[in-house]
There are 2 protein chains.
Amino acid sequence: MTDLNIEQQDPSDDAYVLEPGIVDSVLEMVEAGDRAHLLTLLEPLHAADVADLLEQISPAERRAFLTLLGTEIDGEVLSELSDGVREEVLEYLPQNILADAVKDLETDDVVDLIEDMEEPQQEVVLDALEDADRIAVERALQYPEETAGRLMQRELVMAPTHWTVGQAIDYLRTADDLPERYYNVMIVDPRMRPVGQVPLGKLMSSKRDVPLTAIMQDDFRTIPVLQSEEDVAYAFNQYHMVSAPVVDEDDRLVGVITIDDAMGVLDENAEEDMMLLAGLGDESLTDRVIETTRQRFPWLAANLVTAFLASMVISLFSTTIQSIVALAVLMPIVASMGGNAGTQSLTVAVRAMATKDLTGANVWRVIRREALVGLANGLVFAVIVGGVGYFWFGQPMLGVVLGLAMVANLLVAGLAGILIPIGMDKLGVDPALASGTFVTTVTDVVGFFAFLALASAILL
Amino acid sequence: MTDLNIEQQDPSDDAYVLEPGIVDSVLEMVEAGDRAHLLTLLEPLHAADVADLLEQISPAERRAFLTLLGTEIDGEVLSELSDGVREEVLEYLPQNILADAVKDLETDDVVDLIEDMEEPQQEVVLDALEDADRIAVERALQYPEETAGRLMQRELVMAPTHWTVGQAIDYLRTADDLPERYYNVMIVDPRMRPVGQVPLGKLMSSKRDVPLTAIMQDDFRTIPVLQSEEDVAYAFNQYHMVSAPVVDEDDRLVGVITIDDAMGVLDENAEEDMMLLAGLGDESLTDRVIETTRQRFPWLAANLVTAFLASMVISLFSTTIQSIVALAVLMPIVASMGGNAGTQSLTVAVRAMATKDLTGANVWRVIRREALVGLANGLVFAVIVGGVGYFWFGQPMLGVVLGLAMVANLLVAGLAGILIPIGMDKLGVDPALASGTFVTTVTDVVGFFAFLALASAILL
């Protein structure tokens, strides 16, 4: 432990990065089949770091590693693995080892682990659990994926409204099934509806004969069990909650979500939006070449359709280009600037939607703003490119055409960047999903068309 | 409260979005100057929601709103505002009101609020604080921005190693300066070095005569006070920490960071990466048109330089284009596909760096993978575009040129997408910062050059 502290005392960029030295040593031990030494190496590592290590070695090394480890595989390591690697590992992990590994996991981690498994494998895991845990996991699996019901844990601490501080403390002292982490005692009425919560710190500093209802916070928020994970994460971040009770349709307490789980979801959602905007699905560094190729293909294919559309627009003006070849030289500039400006607007819009900052109250203001920003930058760049076009080719009117097309395309880019994601959202489609392709289609088509049509009209 | 629960029970997409109705009612009250009614409307709202509301109305409405509110302005609302709006509001907020508003904030929120203020305004806020708080804030400001020292709060609960559970509980019962939220009691040695922590739940369920050292967790992680915010957020997410002690160079306890603050940082960093990748600075929906225009300008200007570079490459082949105008029609396809594939690789690389998944141990494997994926998709799309080029223009060799250029550019795109961010990181530059421009420069230049040079060689 002391070593770890000293190492961390160096606040360099590489904090928390697995040292290559460790990976090498681990691989050596795996190759040598030295199980005892391997265990010593892994002992100081957090499960999340062991999972990272497994993700950084090759599939063959991973298999050798896990085979050597055998029954010492930690369920938490499995639950920390990225989906792709986890799937791969679960394919060859012997059933008895898997069953053994999941036994000590909290139920929400078990749910996370088995929700993507095939039925027979799920059975193996469920059978390994104690009755109470198995029932909790099975219930959680009945809620739709990516809802509060899947994210919550059923282990929670509650007390009836008539208890005093002393009764609650005595209960906590003697109860043997308390969750590993809890920060509040939920106060529930006889129908199991939460009416307040008492933070542990408050409980501890109050006198024994004080009724819980006198010190409970009643301005807590409950999470509906069918609420999307994404909204749950948003609420934790927005309202600085540490844990929140989850309730069913009748407002009865069914579980609790803690901030560490919400933080994980927030991080995943941000990653998802970032990936979608770049035309990427749910890929990870550990996916194989063939899988990654296949994952990226549809996005590139969509882009190809866009590109051909743009080509068709250009082909309308073949004769114009043949007589003024400078047009072919300059036309990508208008399209490229439009694509860039459109991506800027789009990214701002997608992020604002994720943070619920784009609402009915300000949507028109934001659309107006994007149009004006597009127009303003369009005018500035029109002057610049117009000037360059003029000086480069010595034709003033070529500069004018370039400038006019630039203004038109940046204005359109600003509008497309905000209107397309709003439209997709209204249609119930994730605005990050295909907006990028649509926005570039618009800016490419408008960019080439505006430039070449203006050139045909003015220069010929 | 009951109303709130019922509203939340509808797990629709609009959960937690401010109702336009509320914004309208608030604006009506502001216009009517009805302060009492305004306060009633705001009363059930969380400070974060009031801040969101302020961000969604116009600057003039905002000013009228805050003027009407006067001394009732909540310091937490100020601390929840986005930087741009906060700066605007602080310009006209009377000093006495500002001083009054910050009094009840936790010291870490005060630090967050005043770190961007001008010196005279900082003084006003600092003077309003109690001595202990002022000293804490002044100390925090001595640490560099975006480090653990700025993020931590100094309010923490600690106990010496020789205490028993009973002594700790008695202390917590009587202490009157406990932080608003705390989850652990830090155990420190006589030199103030943390040696363990006891979660409140554990403290509560242990017997009074048990020594704290017998129940403390000693596998906690300490955060060096100079560690970057980003690494702090990473550690909380990676290791599922709820709070962590912050230590100085001599390993002495100087503060504590809680997960809610780390969650905020994680969210901001993800936003920053997403924005940088799209060529956006630190802008928000509330920025004015002129400001947004100015913010986006440099990125578009960088893109313009890239676009002109591409134009110069094209102009090298003017005569070729003049004799085969189909080249002008098809050339954007190669560049566009390369740009797209490059952005895919780049985004995966930037994200992998942020999550510390790209390390010395797997960097060569990942580079190889990107090259192979680029090659594989390049081959597939070469066949497709080659075929289309052939059928469209009836020239088999034109299809061959298009296909060859496609393979070359997608291979280069894959390599540029991974090598450029790695290079920038090695140079100590944020890989998300300018990678996008560099990658598209490479794919545009290589795309146009490969296609036109091959065409000149093969078709002429």
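Copies are superposed by least squares on the C-alpha atoms of residues with pLDDT of at least 70 in both. The model is predicted: local features need pLDDT of at least 70, side-chain atom pairs count only at pLDDT 80 or more, and totals for chains, interfaces and linings use all residues. Residues are numbered from 1 along each chain as its sequence is written, chains are lettered from A in the order in which they are written, and side-chain values use heavy atoms, with hydrogens and water left out.

**Exercise 1.** State which rotation and shift superpose chain B on chain A.

Solution. Step 1: the rotation is 180°, with 0.0 Å of shift along its axis, and the RMSD is 0.1 Å. Step 2: the two copies are therefore related as by a two-fold rotation axis. Step 3: both copies use the same surface, since 99% of the contact residues of chain B recur in chain A; contact means heavy atoms within 4.5 Å.

**Exercise 2.** Find the residues of the nonpolar surface patch and the helices that supply them.

Solution. Step 1: a patch is made of residues with over 30% relative accessible area and no salt bridge, where nonpolar side chains (Val, Leu, Ile, Met, Phe, Trp, Tyr) are joined within 5 Å and like charges within 9 Å. Accessible areas come from the Shrake-Rupley method with a 1.4 Å probe; for residues, only the protein chains shown count as cover. Step 2: A:Val380, A:Ile384, A:Val388, A:Trp392, B:Leu309 and B:Met312 make a patch of about 440 Å². Step 3: helix H21 (363–393) of chain A and helix H18 (289–315) of chain B each supply at least two residues. Helices are DSSP runs (H or I, at least four residues), numbered from the N terminus. H21(A) gives the largest share, four residues.

**Exercise 3.** Locate the partners of the salt bridge between A:Arg62 and A:Glu88, and say whether they are buried or exposed.

Solution. Step 1: a salt bridge is a side-chain nitrogen of Lys or Arg within 4 Å of a carboxyl oxygen of Asp or Glu; here the N to O distance is 2.7 Å. Step 2: A:Arg62 lies in helix H5 (residues 59–69) and A:Glu88 in helix H7 (residues 83–92) of chain A, so the pair ties together parts 26 residues apart in sequence. Step 3: A:Arg62 and A:Glu88 are both buried, where buried means under 20% relative accessible area, exposed over 50%, and partly exposed in between (1.4 Å probe, protein chains only).
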